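Here is a short briefing for a first look at this structure. It is grouped by topic.

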Amino acid sequence: MRSQARLSEGQGRHTGFRQALRERGERYVLGVPCTTTMRDLEALPPAYQGRGRRPKAPWQSVTAWRKSLDPTAWRTFTVRDGEKGPVAIEMVTRRVQTRMERKRTGPAEWLVITRRPLTDERTLEARASRDATDHDARYRYHYYLTPTHGAAVPFQEPSLAELARVIKAGACIEASFKRGKGEVGMDEYQVRTWHGWHHHMALSLISVWFLIGETHRGQQVTPALTLPQVRYGLSLLLLEVYRTPGVDDICRQVQRQLLRNEAARFYHHCARKCIPPRKLRRDIQ
């Protein structure tokens, strides 16, 4: 599936966001709440009474539709090998329509439902909010939507194996972001444009990749080596290489920081088309 995005249910619940992705020709697998209203486009419509418009399948929540499924509709796929054996996931798909803002009928999409036993605590799907999942006595269920067409271009129906791979990748992506926030300061940024944010995230992920690679390389000599120990050792090495031996170097670093702060203040007010407040001190030379 080309250029497919996997995001949390917080993004999937916004129909305008899904519409914008379709207009750009992007494919996605977005989690949606279990209360999402849908119409089954593959179900047989009610009997026609001979007058008026022909009836269509009724609107219902994805939870109610899931409860009416035949037990044989579920397909099982192995997504990866785990420490306790293969990790499997059961899935079912259906072509549906969902409600948009102001109760407008949305375009056709593929509904994807996954289920796993409640006793299986192994991480496969990304952490979801309370209203994004539901469960019964045996299984926990997640709900996703993926488009059937883009900007006037129909998409080929995705295979269940490909959908399972994308859903599994969501947990890996979120684990990478979590490690980036804890290990390399991914959440410590002050940017004002999307380009700056993407640059910061890219550098943070590259840093995580580098630290993990160095940790694996060092564990061949010291098996007990951990990633925080590698990061601490590299910080000592960098301080030793780039240490400031005198007061002149310290003053130059402070001067560069002040110039950076002043430039950030100026562009902050320029972006809002207002005059920066007059400083009570002399301008930085």
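Asp 40 is buried, with a relative accessible area of 6%. Buried means under 20% relative accessible area, exposed means over 50%, and partly exposed lies in between (1.4 Å probe, protein chains only). The model is predicted: local features need pLDDT of at least 70, side-chain atom pairs count only at pLDDT 80 or more, and totals for chains, interfaces and linings use all residues. Residues are numbered from 1 along each chain as its sequence is written, and side-chain values use heavy atoms, with hydrogens and water left out.

**Arg 94 and its partners**

- The side chains of Arg 94 and Asp 40 form a salt bridge (2.8 Å, N to O). Arg 94 lies in strand 6 and Asp 40 in strand 3 (residues 37–40), so the pair ties together parts 54 residues apart in sequence.
- A salt bridge here is a side-chain nitrogen of Lys or Arg within 4 Å of a carboxyl oxygen of Asp or Glu. By this rule the count comes to nine salt bridges.
- Strand 6 spans residues 85–99. Helices (H or I, at least four residues) and strands (E, at least two) are DSSP runs, numbered from the N terminus.
- The side chain of Arg 94 also makes a polar contact with the side chain of Glu 42 (3.4 Å). A polar contact is a pair of N or O atoms within 3.5 Å; within protein, one must be able to donate a hydrogen and the other to accept it, and residues adjacent in sequence count only if both atoms are side-chain atoms.

**Other salt bridges**

- Asp 136 and Arg 66 meet through their side chains in a salt bridge (3.9 Å, N to O). Asp 136 sits in the loop between strand 8 (133–135) and strand 9, and Arg 66 in helix 3 (residues 62–67), so this pair ties together parts 70 residues apart in sequence.
- Asp 136 is partly exposed, at 31% relative accessible area. Arg 66 is buried, at 7%.
- Arg 165 forms a salt bridge with Glu 162, with the closest N and O atoms 2.6 Å apart. The two are three residues apart in helix 4 (residues 160–183), separated by about one helical turn.
- Arg 165 is partly exposed, at 42% relative accessibility.

**Strand 7**

- Ten of the 13 residues of strand 7 (residues 105–117) are buried.
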